[in-house]
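Thanks for coming, everyone. Please have a look at the sequence and the model on the screen.

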There are 2 protein chains.
Amino acid sequence: MCAKGYGQFCPVSIAAEVLSERWTLLVLRELLAGSTRFNDLHRGVPLMSASLLSQRLRDLELAGLLDRQPLPSGKGKSYRLTEAGEALRPVVDGIGLWGTRYMRTQYAPENLDPSLLMWDMRRWIRGDRMPSGHIVIRFDIPDAPLQKQHYWMVKEDGSDTLDLCLFDPGFPVCLIVTGRLEILTRVWMGNIEAEHAVRSGQLTLDGVPEIRMSFYDWIGLNPFVHLAATQGIDSARRIA
Amino acid sequence: MCAKGYGQFCPVSIAAEVLSERWTLLVLRELLAGSTRFNDLHRGVPLMSASLLSQRLRDLELAGLLDRQPLPSGKGKSYRLTEAGEALRPVVDGIGLWGTRYMRTQYAPENLDPSLLMWDMRRWIRGDRMPSGHIVIRFDIPDAPLQKQHYWMVKEDGSDTLDLCLFDPGFPVCLIVTGRLEILTRVWMGNIEAEHAVRSGQLTLDGVPEIRMSFYDWIGLNPFVHLAATQGIDSARRIA
DNA sequence: CAGTATCCGATGCGATACTG
DNA sequence: CAGTATCGCATCGGATACTG
């Protein structure tokens with residue numbers, strides 16, 4: 001009968017026809033976070049198949065939330081939110097805030113993924129607060145699957161953005177951060193304070209004191225934690 | 001592999017596992033609008049099968065958004081949002097607002113439904129602004145399917161809430177409002193001003209002048225229109 | 001009335017393979 | 001690399017029938 005939509009004139013219903021499709025909200029989150037390339041978007045939703053991501057991007061374009069431009073470099077396309085898509089930022093933020101406050105399944109084992117964590121951290125870590133020079137930080141996650149126990153964050157001199165490597169880039173490592181996946185995730189989500197995690201030995205920092213001390217300054221937090229703080233919600237109080 | 005969820009620790013993802021299920025947002029809208037009984041909820045999402053509504057209500061309960069209490073009257077249950085569910089109001093409002101502003105398919109024929117329109121109007125029409133006494137308003141929708149051309153809104157003396165009848169309740173009718181389905185829907189959605197619709201003959205009022213004049217006072221508008229007005233968005237400007 | 005169980009068909013989606 | 005087409009299965013959800 002009703003192929004797809006909800007058959008209602010209510011704007012919530014019309015909006016839900018786009019927004020409630022499986023994965024769409026997460027793709028939107030990635031776009032709002034600033035990813036513009038297919039593979040970057042895909043790294044943010046690694047469990048989604050490429051074909052489905054492609055499909056959803058087309059859906060979003062059709063719904064007028066997304067603009068797809070061929071790249072000047074010839075290969076590939078650039079995906080950018082339109083005004084309508086950008087206007088969903090408060091909605092997606094609101095959903096994230098609500099999730100932070102009320103949902104408890106965040107740290108279930110099946111929701112933890114070292115690569116995803118690192119990819120998320122890479123985007124928000126404050127490269128501009130790191131010491132100058134060529135900085136390499138290694139993250140060690142001993143309880144992760146073998147292929148996913150080591151990650152390298154690389155900051156070139158002069159640039160503030162980071163590169164995430166899954167293999168040893170070869171440069172000398174300035175700092176090794178070691179912690180179990182859940183701990184690292186909780187620290188990142190503002191659920192455990194970084195200082196506390198280090199003091200209690202849940203997180204280990206290995207490197208020269210200068211860089212070790214700077215850690216707390218640049219490690220940063222997932223953006224929803226900042227949002228929550230704005231609204232007076234304290235993530236740390238919610239330790240399960 | 002991933003049975004159901006998204007396998008991500010991000011709060012947006014956790015929230016989306018509940019919120020992005022098909023129909024869930026609309027059920028939530030109904031709950032937020034104040035419906036507490038199964039059949040009332042169902043009238044708000046008539047195209048949803050009862051079994052699926054039942055299922056979704058259970059899902060919402062399980063996720064902690066909904067509280068299901070047996071009614072003192074013995075039969076049936078009462079559904080009420082928990083604090084967590086209530087906390088989604090700004091999100092659902094935000095989605096509705098966004099839909100009002102950016103989505104254009106609202107008035108596609110397949111989204112228009114006279115019964116749903118009447119049910120929505122019933123909830124928000126200002127009974128307290130109607131003249132006192134036993135008031136019966138009949139709505140005539142000449143282009144609706146035969147069984148759905150006539151609706152009666154009944155206000156008992158002393159009560160401010162309205163009853164919606166699909167059959168002639170037998171009392172004398174004070175006012176007949178006639179208009180095509182799309183016109184009635186657009187007026188209700190603030191897309192056409194009621195006065196304008198009447199002046200231009202798109203809407204017809206038939207009754208004694210006193211009640212005819214009061215129409216503009218109690219007819220009201222869908223709540224998202226009020227919200228939009230608060231935010232400086234003018235629905236009337238968006239006539240397609 | 002107020003739901004719930006079951007059945008079966010449509011479709012959504014992941015895996016795989018393919019292309020410029 | 002940056003996607004897109006195809007295929008086949010899993011599951012979602014509507015219809016129907018049933019129960020307190």
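I will go through two interfaces, one inside a chain and one between chains.

First, the ground rules. This is a predicted model: local features need pLDDT of at least 70, side-chain atom pairs count only at pLDDT 80 or more, and totals for chains, interfaces and linings use all residues. Residues are numbered from 1 along each chain as its sequence is written, chains are lettered from A and ligands numbered from 1 in the order in which they are written, and side-chain values use heavy atoms, with hydrogens and water left out.

Start inside chain A. Seven residues of domain 1 and seven of domain 2 make the contact, meaning heavy atoms within 4.5 Å.

How much area is buried between domain 1 and domain 2 of chain A? About 610 Å², with carbon and sulfur atoms giving 56%. Buried area here is the accessible area (1.4 Å probe) that two parts lose on being put together, summed over both. On the domain 1 side, A:Ala33, A:Arg43 and A:Pro46 supply 65% of the area buried against domain 2, more than any other three residues.

Now the charges. One salt bridge is counted between these domains. The term means a side-chain nitrogen of Lys or Arg within 4 Å of a carboxyl oxygen of Asp or Glu. A:Glu30 and A:Arg123 meet in a salt bridge at 2.7 Å, N to O.

On to chain B against chain A. Each chain brings 57 residues to the contact. Together they bury about 4800 Å², 71% of it on carbon and sulfur atoms. In chain B, the residues losing the most area to chain A are B:Tyr6, B:Phe9 and B:Trp98, together 17% of what that side buries.

How many salt bridges are there between chain B and chain A? Two. B:Glu83 forms a salt bridge with A:Arg101, with the closest N and O atoms 3.8 Å apart.

Which helix gives the largest share of the chain B side? Helix 6 of chain B, with 10 residues. Helices here are DSSP runs (H or I, at least four residues), numbered from the N terminus.

Last, the classes. The chain B side that touches chain A has 35 nonpolar, 14 polar and eight charged residues. Ala, Val, Leu, Ile, Met, Phe, Trp, Tyr, Cys and Pro count as nonpolar, Asp, Glu, Lys and Arg as charged, and the others, Gly among them, as polar.

Conventions. Helices (H or I, at least four residues) and strands (E, at least two) are DSSP runs, numbered from the N terminus.
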